[in-house]
Amino acid sequence: ICERIDNSSDFNEDDTKNKIINYLIRKLGWDIYENVKFEYPISTTHSANPIHVDYMLQVSGENCIAIEAKRQDKNLSDKFRGDISTYMMESGVEIGVLTNGVKAEIYVKSNTMGSSNYIEPLDSFYLKNCSKNLIVMNVLLREVFKKGDQREKIDKVKKSRTNFQKPELREGLEESIKQEINEHIQLSDEDINLHDPINKII
């Protein structure tokens, strides 16, 4: 992925999708032809016409993850964050991703009592460093949605922000993440570097 990004300085939005985002989607276990809907139409109560999200990842026809992609020279602005929040709320998915092929921001639907209509940031990271953010990448695995474990994985990311600061908990958490990821993504030990796995939304 690092090589693809290094060679992508002049990518337009289609290049970013085809050469970076589609690659990562496949690496996370999603079949581009079976599990991914492109320019997916979402009905909305605010308009007679549907809105369209760039990617909708599905398992057995159920919407799972909405992904909004921008070209690399586009900053991930509040307008685009508002767009992914709208796509999530209107489609009912728990997870949304906003990316320009360089950086990714992950958003989730809050499960706090009384705030189910609230979209909150989970994490953000540069895609070059995705191997250092495996605990977050784990949330996006197709296998997680097949098992219905996405909320458990989301909560694990939130807890890890605290646990990674505690040396007595860090080693065990790192090892469990490595084992879980390696079941579904083929990475070498050198790739799996968890020294800085959690980055806050900037």
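Student: Where is the kink in H2 centred?

Tutor: On isoleucine 21, with a kink of about 35°. The bend at a residue is the angle between axes fitted to the seven residues ending there and the seven starting there. Helices (H or I, at least four residues) and strands (E, at least two) are DSSP runs, numbered from the N terminus. Keep in mind that this is a predicted model, where local features need pLDDT of at least 70, side-chain atom pairs count only at pLDDT 80 or more, and totals for chains, interfaces and linings use all residues. Residues are numbered from 1 along each chain as its sequence is written, and side-chain values use heavy atoms, with hydrogens and water left out.

Student: What span should H2 have, and how far apart are its end C-alpha atoms?

Tutor: H2 covers residues 13–27, so its 15 residues should span 21 Å at 1.5 Å a residue. The expected span is 1.5 Å times one less than the number of residues. The end C-alpha atoms are 20 Å apart, which agrees.

Student: Which residues of H2 are buried?

Tutor: Thr16, Lys17, Ile20, Ile21, Asn22, Leu24 and Ile25. Buried means under 20% relative accessible area, exposed over 50%, partly exposed in between (1.4 Å probe, protein chains only).

Student: And what comes just after H2?

Tutor: Glycine 29, with a positive phi of about 95°.

Student: New topic. How many aromatic pairs are there in the whole structure?

Tutor: Two. Rings of Phe, Tyr and Trp (its six-membered ring) pair if their centres lie within 6.5 Å; planes under 30 degrees apart count as stacked, over 60 as edge-to-face and the rest as tilted. Tryptophan 30 and phenylalanine 145 have ring centres 5.8 Å apart and planes at 55°, so this pair is tilted.

Student: Where in the chain do tryptophan 30 and phenylalanine 145 sit?

Tutor: In distant parts, 115 residues apart. Tryptophan 30 is in the loop between H2 and strand S1 (36–44), while phenylalanine 145 is in helix H5 (residues 142–147).

Student: Is tryptophan 30 buried or exposed?

Tutor: Buried, because its relative accessibility is 2%. Phenylalanine 145 is buried as well, at 9%.

Student: Which residues touch the most other members of the largest nonpolar core?

Tutor: Ile25, Trp30, Ile65 and Ile95, out of 35 residues. A nonpolar core is a set of buried Ala, Val, Leu, Ile, Met, Phe, Trp, Tyr and Cys residues joined through side-chain atoms within 4.5 Å. There is also a second, separate core of 13 residues, including Ile42, Ile84, Met88 and Tyr107.

Student: What about cysteine 64, where is that?

Tutor: In strand S3, residues 62–69. Cysteine 64 counts as buried because its relative accessibility is 7%. Leaving out residues up to four places away in sequence, its contacts (heavy atoms within 4.5 Å) include Trp30, Ile95 and Phe145. Its C-alpha atom is 9.9 Å from that of lysine 146, 82 residues away along the chain.

Student: And glutamate 68, buried or exposed?

Tutor: Buried, because its relative accessibility is 5%. Glutamate 68 also lies in strand S3. Beyond its neighbours within four places in sequence, its contacts include Asp54, Tyr87 and Thr99.

Student: Last one: how many helices and strands does the protein have?

Tutor: Seven helices and six strands. Along the sequence, the pattern is α-α-β-β-β-α-β-β-β-α-α-α-α. Buried residues make up 47% of the 202.
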